[in-house]
Amino acid sequence: MSLTKHQTRYLRTLAHSLKPVVIVGQSGVTTAVLDEIASSLEHHELIKIKMHDAEREERPAMVKSILQVTQAELVQVIGRIGIFYRRGEKARITLP
């Protein structure tokens, strides 16, 4: 599922007040971190992830691996914060 510009804008608005649910530390994107991200996406649908110790060059690879494993959509990346969306079994967020 690909998000339209209008849907992405709507999700960015919803994510503005959210705090990061998962923080990626020194070890990077491990299987435990990916499991936590998948669990958080299932529960919340829209989450923020903070890539704490990642260098600028490493962040795109981290985002790509998160997207591949979790089958989520990237809403936005600003600095060290990434916003991800994946529709859950019981949809909590109704996209326009």
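The model is predicted: local features need pLDDT of at least 70, side-chain atom pairs count only at pLDDT 80 or more, and totals for chains, interfaces and linings use all residues. Residues are numbered from 1 along each chain as its sequence is written, and side-chain values use heavy atoms, with hydrogens and water left out. The protein has three helices and four strands, and one salt bridge is counted.

**Overall fold and size**

- Starting at the N terminus, the order of elements is α-β-α-β-α-β-β. Helices (H or I, at least four residues) and strands (E, at least two) are DSSP runs, numbered from the N terminus.
- The C-alpha trace spans about 35 × 25 × 25 Å along its principal axes.
- Of the 96 residues, 36% count as buried. Buried means under 20% relative accessible area, exposed means over 50%, and partly exposed lies in between (1.4 Å probe, protein chains only).
- Accessible areas come from the Shrake-Rupley method with a 1.4 Å probe, and for residues only the protein chains shown count as cover.

**Charges**

- Side chains of opposite charge can pair when their charged atoms come close.
- E42 and R86 form a salt bridge through their side chains, at 3.6 Å from N to O. The term stands for a side-chain nitrogen of Lys or Arg within 4 Å of a carboxyl oxygen of Asp or Glu.
- This pair links distant parts of the chain, 44 residues apart: E42 is in helix α2 (residues 31-44), and R86 is in the segment after β4 (81-85).
- E42 counts as partly exposed because its relative accessibility is 34%, while R86 counts as buried because its value is 18%.
- A patch of negative charge on the surface is formed by D53, E55, E57 and E58. Patches are made of residues with over 30% relative accessible area and no salt bridge, with like charges joined within 9 Å and nonpolar side chains (Val, Leu, Ile, Met, Phe, Trp, Tyr) within 5 Å.
- Lys and Arg count as positive and Asp and Glu as negative, while His and the chain ends are not counted. The place of a charge is NZ of Lys, CZ of Arg, CG of Asp or CD of Glu.
- E58 of this patch sits in the loop between β2 (46-51) and α3 (59-70). With a relative accessible area of 40%, E58 is partly exposed.

**Positive phi in residues other than glycine**

- E45 has a positive phi, near 75°. E45 is in the loop between α2 and β2, and is buried at a relative accessible area of 0%.
- Q71 has a positive phi, near 60°. Q71 is in the loop between α3 and β3 (73-78), and counts as exposed at 59% relative accessibility.

**Two histidines**

- H16 is placed in the loop between α1 (5-15) and β1 (22-24). At 67% relative accessibility, H16 counts as exposed.
- H44 belongs to helix α2 and counts as partly exposed, at 36% relative accessibility.
- From C-alpha to C-alpha, H44 and V21 are 9.6 Å apart in space, and they are 23 residues apart in sequence.
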